[in-house]
Amino acid sequence: MSDYLNYPEHTVKRNGIKVSWLNFANKELAELGASIAKYNAVIAVSRGYDFGYNYPSEITPEEDGTYTVCVP
């Protein structure tokens, strides 16, 4: 059985009911985090997890120049 990958260094983590959101200092880290989120989401789905309306790996640019990634 595959193990989840760890995310790169992030500045803030917000936890939700079905997903969490990690805030990254730059776009490169956010893109790396998004690719890991996609990989981890495939594992979670194969184990029967439902993310509801959330989309793990989605990157949202923030007003302060950071990037937020939806993660499983």
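Modeller: Let's settle one term before we start: a residue counts as buried when its relative accessible area is under 20%, as exposed when that value is over 50%, and as partly exposed in between. And keep in mind that this is a predicted model.

Colleague: Fine. Why is serine 57 called buried, then?

Modeller: Its relative accessible area is 11%, and the cut-off is under 20%. So serine 57 is buried. You'll find this residue in the loop between H1 and E3.

Colleague: What makes lysine 18 and aspartate 50 a salt bridge?

Modeller: Distance and atom type. A side-chain nitrogen of Lys or Arg has to be within 4 Å of a carboxyl oxygen of Asp or Glu. Here the closest N and O atoms are 3.6 Å apart, and the pair is a lysine with an aspartate, so by that cut-off it's a salt bridge. The structure holds one of these.

Colleague: Why say that this pair ties parts of the chain together?

Modeller: Look at where the two ends sit. Lysine 18 is in the loop between E1 and E2, while aspartate 50 is in the loop between H1 and strand E3 (59–61), so the link spans parts that are 32 residues apart in sequence.

Colleague: On to the inside. Which residues make up the largest nonpolar core?

Modeller: Eight of them: Leu22, Phe24, Ala30, Ala34, Ala37, Tyr67, Val69 and Val71. Strand E2 (20–24), helix H1 (27–46) and strand E4 (67–71) each give two or more residues to this core. Another core, of five residues, lies apart from it, with Val19, Ala41, Phe51 and Cys70 among them.

Colleague: What does valine 69 touch, sequence neighbours aside?

Modeller: Leaving out anything within four places in sequence, valine 69 is in contact with residues including Leu22, Phe24, Ala30, Ala34 and Ala37, and also with Ser57.

Colleague: How do you know that E2 is mostly covered?

Modeller: Four of its five residues are buried.

Colleague: What makes E1 and E2 paired strands?

Modeller: Pairing takes at least two bridges. Strand E1 (residues 12–15) and E2 have four, and they run antiparallel, so they pass the test. A hairpin of four linking residues joins E1 to E2.

Colleague: How many bridges join E2 to E4?

Modeller: Five, and those two strands run antiparallel too. Tryptophan 21 shows E2 sitting in both pairings: its bridge partners are arginine 14 and, in E4, cysteine 70.

Colleague: What is the overall pattern along the sequence?

Modeller: It reads β-β-α-β-β, with one helix and four strands.

Colleague: Last one. Why is the radius of gyration said to agree with a compact globule?

Modeller: With 72 residues, the globule value would be near 11 Å; the chain has 12 Å, so the two agree. The C-alpha atoms fill a box of roughly 35 × 20 × 15 Å along the principal axes. Of the 72 residues, 35% count as buried. As for contacts with a separation of 6 or more, 60% come from residues 24 or more positions apart.

Terms used
Residues are numbered from 1 along each chain as its sequence is written. This is a predicted model: local features need pLDDT of at least 70, side-chain atom pairs count only at pLDDT 80 or more; totals for chains, interfaces and linings use all residues. Side-chain values use heavy atoms; hydrogens and water are left out. A nonpolar core is a set of buried Ala, Val, Leu, Ile, Met, Phe, Trp, Tyr and Cys residues joined through side-chain atoms within 4.5 Å. Buried means under 20% relative accessible area, exposed over 50%, partly exposed in between (1.4 Å probe, protein chains only). Contact means heavy atoms within 4.5 Å. The radius of gyration is taken over C-alpha atoms; the globule rule is 2.2 Å times the number of residues to the power 0.38.
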